[in-house]
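This report describes one protein chain.

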Amino acid sequence: MKIALLAMTAAAAVGTPAAAGTPVADPTMPPPVPSTPGARVRGVGQFTYDEPGVQGHRIRFSIRAKVAASGTTNGVLGYRHLLPDGQVLGEGYAEVTCVNVQQGTALVAAVVREGHGSVRNHGFYLKIVDGGERRPDHIETLQAQDGPTRPPRYCIDTAIDPTLKRYPIEHGGYQIRF
């Protein structure tokens with residue numbers, strides 16, 4: 001998995017209007033994936049990048065989120081990014097805004113609250129694949145950051161970027177329920 005930016009540059013930024021709660025239509029953005037009523041994701045997992053520019057960086061995500069029968073998502077995502085020497089590059093919490101579960105795979109969207117963290121307009125878009133009893137879970141991520149508007153609050157399937165690497169969870173794991 002690499003640190004990938006969604007089309008969140010000044011030229012192609014879109015978000016979700018805070019009052020309306022519906023995505024802004026933009027053909028340059030991936031289609032929104034809705035939350036799955038009754039879905040739950042929880043756990044803590046760590047993986048290590050092995051790509052140029054981020055090789056040896058360790059990433060930890062903790063998640064506790066659920067979707068009500070009405071489709072309203074409630075939860076928190078903790079994140080911590082460590083450099084190879086153990087220095088903390090970034091850490092904090094984000095509000096989980098979407099959880100979509102299909103056949104042992106969870107899509108999770110989480111947006112860092114305005115004024116928190118060192119990166120402006122920061123959103124995480126995760127795809128967690130349950131490894132079952134004998135194999136580790138796997139994770140793919142996309143990030144939106146530093147755009148002029150808030151990032152989307154809906155789930156985004158990381159399949160939109162075929163170059164993303166899927167990383168095994170080295171420590172910990174996630175429970176995906178529907």
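What share of the contacts in the chain with a separation of 6 or more comes from residues 24 or more positions apart? The share is 60%. The model is a predicted one, and the values below are computed from it.

## Overall make-up

The chain contains nine strands and zero helices. Read from the N terminus, the order of elements is β-β-β-β-β-β-β-β-β.

Of the 178 residues in the chain, 46% are buried. The accessible surface amounts to about 9200 Å², and carbon and sulfur atoms contribute 52% of that surface.

## Aromatic residues

A pair of aromatic rings is described by how far apart the centres are and by the angle between the planes. Six aromatic pairs are found when the whole structure is searched. One of them joins Phe47 and Tyr49, with 5.5 Å from centre to centre and 90 degrees between the planes. This pair is edge-to-face, since planes over 60 degrees apart are counted that way. Phe47 and Tyr49 are both buried.

Phe47 also pairs with Phe61. Here the centres are 6.3 Å apart and the planes make an angle of 35 degrees, which is a tilted arrangement. Phe47 belongs to strand E1 (residues 40–48) and Phe61 to strand E2 (residues 58–67), so the pair ties together parts that are 14 residues apart in sequence. Phe61 is buried, as is Phe47. One aromatic cluster takes in Phe47, Tyr49 and Phe61 together with Tyr79, Phe124 and Tyr167.

## Positive phi in two loops

Which residue in the loop between strand E5 (105–111) and strand E6 (123–129) is considered here? That residue is Asn121. Asn121 is not a glycine, yet its phi is positive, at about 50 degrees. Is Asn121 buried or exposed? Asn121 counts as buried because its relative accessibility is 6%, and the limit for buried is under 20%.

Asp146 is another residue other than glycine with a positive phi, in this case near 65 degrees. The loop that holds Asp146 runs between strand E7 (138–144) and strand E8 (167–168).

Definitions and conventions. Residues are numbered from 1 along each chain as its sequence is written. This is a predicted model: local features need pLDDT of at least 70, side-chain atom pairs count only at pLDDT 80 or more; totals for chains, interfaces and linings use all residues. Side-chain values use heavy atoms; hydrogens and water are left out. Helices (H or I, at least four residues) and strands (E, at least two) are DSSP runs, numbered from the N terminus. Buried means under 20% relative accessible area, exposed over 50%, partly exposed in between (1.4 Å probe, protein chains only). Rings of Phe, Tyr and Trp (its six-membered ring) pair if their centres lie within 6.5 Å; planes under 30 degrees apart count as stacked, over 60 as edge-to-face and the rest as tilted. Contact means heavy atoms within 4.5 Å. Accessible areas come from the Shrake-Rupley method with a 1.4 Å probe; for residues, only the protein chains shown count as cover.
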